[in-house]
Amino acid sequence: MEHFIFDLKYYIIPSFLIVTLSLAIILILNRVYYQYNLPSRHLIIRKSEKFLTEITLSKPDKNILKYKIAKFKSEIPIHRTWCKEMLIDDMIRMKSNLKGQTAKNILIIYKQLNLNHYSASLIRDFRKYKKCEGIYHFQSLGYKPGISLIKKYLYHPNKIIRSNANIAYLALSKGDWQAINNIPVKVSIITTIKVMDVLHSEKIPIPPQINLWIESENPTILKLAIMTMVFYNYTNKSAQIINLLHHEDKALKIDVITAIQDLFLEEAEDELIKVFPTESIEIQIEILDALAVIGSEKTIAFLKNEIEKQEIKDIKLKMVFCLNKLDSISLDVLGAHDPDTQKMINHTRKLQL
Amino acid sequence: MTHDFLYYLIRVYDIFVACFSIGYISFYIFLSILSYWAIIKHLKYQKYLEEEVLIRSNHILGVSIVAPAFNEGVNIVYNVKSLLSLTYPKFEIIIVNDGSSDNTLEKLITEFDLVKIDFYYQEKIVTQPVRGHYKSTNPVYSRLLIVDKINGKSKADASNAGINSSQYPLFLCTDVDCILKSNTILKLAKPFMENETRVIATGAGIRISNSCDIKEGFLYKVHYPKEWYPRFQELEYVRSFLFGRMAWSQINGLLLVSGGLGMFDKDIVIKAGGYWHQSLGEDMELITRMRKYMHDAKEDFLIKYIPESLCWTEVPSTREIFLRQRIRWARGLVQTLYLHRKMFLNPKYGRTGFLILPFFFSFEFLVPIVEFTGIITLIASFVFGIINFQFLFLISFLVYLFYLSITIISILIDEVLYKSYASYKELITLIGMAIIEPFVYHPITIYASLKGYWHFFRKKEQKWGVMVRKGFESPAKK
């Protein structure tokens with residue numbers, strides 16, 4: 001006990017005391033330093049914004065541009081990381097709002113300020129998140145010479161780096177899908193969202209291999225193929241799309257049904273009605289959404305028969321919604337015989353005031 | 001003989017407390033490392049997906065905001081306008097008028113051009129009867145849906161009616177008077193889309209709005225609270241949200257997503273039975289039940305926490321209201337632990353049964369009891385003359401320093417990442433509050449916890465009570 005009290009008194013408590021006091025001092029000094037630097041930092045931020053706006057919109061010739069950039073460099077602490085990041089963020093923000101030559105000017109400034117070297121150093125950094133940041137810089141600023149560096153990460157074992165590198169590569173190469181066969185079997189919604197965004201923002205032409213993708217055994221490639229076909233309104237492979245209604249992957253099936261709806265594949269009506277009874281509630285609801293768009297007399301007959309006997313309220317409500325779109329008069333007849341159906345009709349019609 | 005017996009009893013208690021404290025301190029050191037790691041990971045992987053890309057997408061998940069309102073007539077119009085201003089491509093706002101006896105519904109009808117509609121209400125979770133649904137005839141307010149129901153004497157019942165009326169797969173549960181940051185929905189919905197494993201709930205930091213400049217439901221400037229109770233609670237919130245919950249999120253061990261701000265997978269919530277209207281800690285109880293459901297269904301799941309302050313809420317500023325709230329929380333904790341006692345150390349429930357619930361039992365539920373029995377033991381030791389004053393002083397000082405360092409680390413993380421406070425003076429005040437907290441504030445929270453436990457074990461009738469709010473004050477009035 002005496003020994004423990006001795007340790008407490010002379011080692012443990014003093015150590016804790018030093019740690020606590022140090023933390024408090026660091027906390028306050030950090031804030032004081034931040035507040036002290038804030039005015040000059042704001043000044044530099046304003047100066048940078050002014051410079052970037054002027055230079056991108058004024059179309060100066062090469063020599064004047066060089067001179068202005070050199071002058072600007074001497075006025076800001078460009079060697080500081082925060083300053084580089086601030087400039088890159090500003091450039092990305094401006095580039096996303098500009099088009100044509102003015103957008104290209106930003107890329108020139110990016111190179112002239114040697115910020116491309118900074119982004120490359122981030123990609124080469126051992127930390128994964130730094131790599132992602134560097135890749136993001138290249139992609140957002142459309143820095144095509146960065147392709148060679150990004151290419152090394154297309155098959156990286158880390159899925160986030162691999163995903164970012166592939167998307168950036170796709171954007172910068174304007175449609176080279178060379179890494180697609182390496183896409184994992186399971187991807188998040190986010191990866192597909194990112195691919196679609198790149199297709200949209202970079203105006204990438206339809207991939208020539210799209211007809212092969214739809215034959216793939218990898219559900220992710222199939223998903224990508226379907227979404228790409230919807231994006232380009234490509235209906236040449238409608239039979240293959242419809243055939244995927246029998247695929248075992250539930251998420252893929254939902255994408256297929258959405259594609260049928262978006263591509264107005266009326267020829268899918270029979271197949272949708274056929275698979276309907278064997279599907280889960282979630283997929284049945286998706287099917288009804290699609291039938292509301294592509295349905296014909298067959299769907300009307302199917303719904304008139306099904307609404308009466310349907311016991312699951314969510315599905316019945318969706319059927320009412322569907323029939324209301326296709327044949328509201330027949331729906332009124334059904335409603336007259338069944339108060340529950342009538343309530344659903346009222347709900348469907350009055351919810352969208 | 002009695003003296004000897006008591007002496008040995010106290011010694012046994014000493015050993016228990018020593019082991020307990022070592023466990024407690026070790027676990028908190030572990031949590032602090034996890035928390036730091038989780039925050040860094042969150043911040044650095046922001047570039048995984050830009051939020052603008054998500055907003056532009058057609059594949060984004062729809063979100064229903066569910067906000068129960070009971071006698072909120074004074075501010076309801078501002079509250080709804082504030083919610084309507086949120087940025088997200090696909091969302092609806094469901095205000096549940098929980099049988100207000102004031103003019104809440106009338107104000108809503110007048111301000112937003114509401115008319116009663118034929119809404120096909122499906123009671124997937126049983127609630128008090130719903131009197132009707134209202135929609136606006138003005139297209140500007142097309143996102144708004146009002147549910148008018150009979151008062152169910154709990155926020156849980158009102159929230160359940162909102163969930164039953166919602167149309168999207170995700171819902172965000174909040175209090176109608178909470179002020180949300182404009183990108184709150186996006187921030188909370190993002191984890192549902194970026195993870196391959198199913199995310200069933202997300203939460204984020206809540207801060208105190210008591211002294212902030214708020215005008216017509218919009219937050220103009222954040223200020224450190226001026227009153228004592230909110231100041232201590234600010235300290236508690238920073239510590240709990242940034243420190244504890246981030247750490248638990250990192251190991252997928254979150255048992256609490258705050259009732260003030262949480263997003264949920266509607267399908268799982270309904271399958272788990274929704275909020276339990278008799279619970280006094282319905283937010284924690286729901287998460288526990290959702291975890292149980294997912295374990296029973298043998299499905300992998302995640303509950304994620306975002307280390308950003310997305311919501312500002314008014315907290316109790318008087319002792320009476322504060323005590324009432326904390327008594328209810330304590331009672332909610334013990335109620336949830338008791339209700340789900342079969343999950344404890346049950347292999348079927350994995351880390352929920354072997355780590356999370358035992359932690360909550362040992363280091364949340366037991367702490368007030370250990371502290372209280374500690375005081376009794378001290379008195380007994382003093383009476384029997386077996387107290388070692390030097391050791392008592394040293395060990396108490398060590399525990400105090402440990403607590404203080406944990407609190408300052410939390411403030412430091414917050415400061416380095418977010419700079420939430422206006423000046424270093426506010427930080428010094430916060431450190432000052434941290435120094436006095438164990439002597440001034442902590443005993444009150446212990447008292448409230450013990451009283452909550454007592455009420456639970458005595459099966460005292462449970463009441464929610466009314467949180468008296470000051471409402472929004474315009475900056476001009478200050």
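pLDDT is the predictor's confidence in each residue, on a scale from 0 to 100. The model described here is predicted. For the complex, the predictor gives an ipTM of 0.80 and a pTM of 0.87. Chain B has a mean pLDDT of 89. In that chain, 95% of residues reach 70 or more. Residues 473-478 of chain B, by contrast, stay under 50. For this stretch the model has six contacts beyond four places in sequence. Where pLDDT is low, predicted coordinates should not be read in detail.

Chain A contains 19 helices and zero strands. Its radius of gyration is 30 Å, whereas a compact globule of 353 residues would have a value near 20 Å. Along the principal axes, the C-alpha atoms of chain A fill a box of roughly 80 × 80 × 45 Å. Buried residues make up 32% of the 353 in chain A. Among the contacts in chain A with a separation of 6 or more, 65% join residues 24 or more positions apart.

In chain B, helix α1 (residues 2-44) packs with helix α12 (residues 389-418). The axes lie 12 Å apart, at an angle of about 5°. Angles under 35 degrees count as roughly parallel, so α1(B) is roughly parallel to α12(B). From α1(B), the contact draws on S21(B), I25(B), Y28(B), S32(B), Y36(B), I39(B) and L43(B). These meet V399(B), F402(B), I406(B), I409(B), I413(B) and L417(B) in α12(B). By class, the contact of α1(B) with α12(B) has eleven nonpolar and two polar residues, and no charged ones.

Notes: Residues numbered from 1 in each chain as written. Chains lettered and ligands numbered in written order. Predicted model: local features only at pLDDT ≥ 70, side-chain atom pairs only at ≥ 80, totals over all residues. Helix = DSSP H or I, 4+ residues; strand = E, 2+ residues; numbered from the N terminus. Rg over C-alpha atoms; globule rule 2.2 N^0.38 Å. Buried ≥ 20, exposed ≤ 12 C-beta atoms within 10 Å, placed from the backbone. Contact = placed C-beta atoms within 7 Å. Axes fitted to C-alpha atoms, helices over the stretch in contact; angles between N-to-C directions. Parallel < 35°, antiparallel > 145°, perpendicular 65-115°, else oblique. Nonpolar A, V, L, I, M, F, W, Y, C, P; charged D, E, K, R; others polar.
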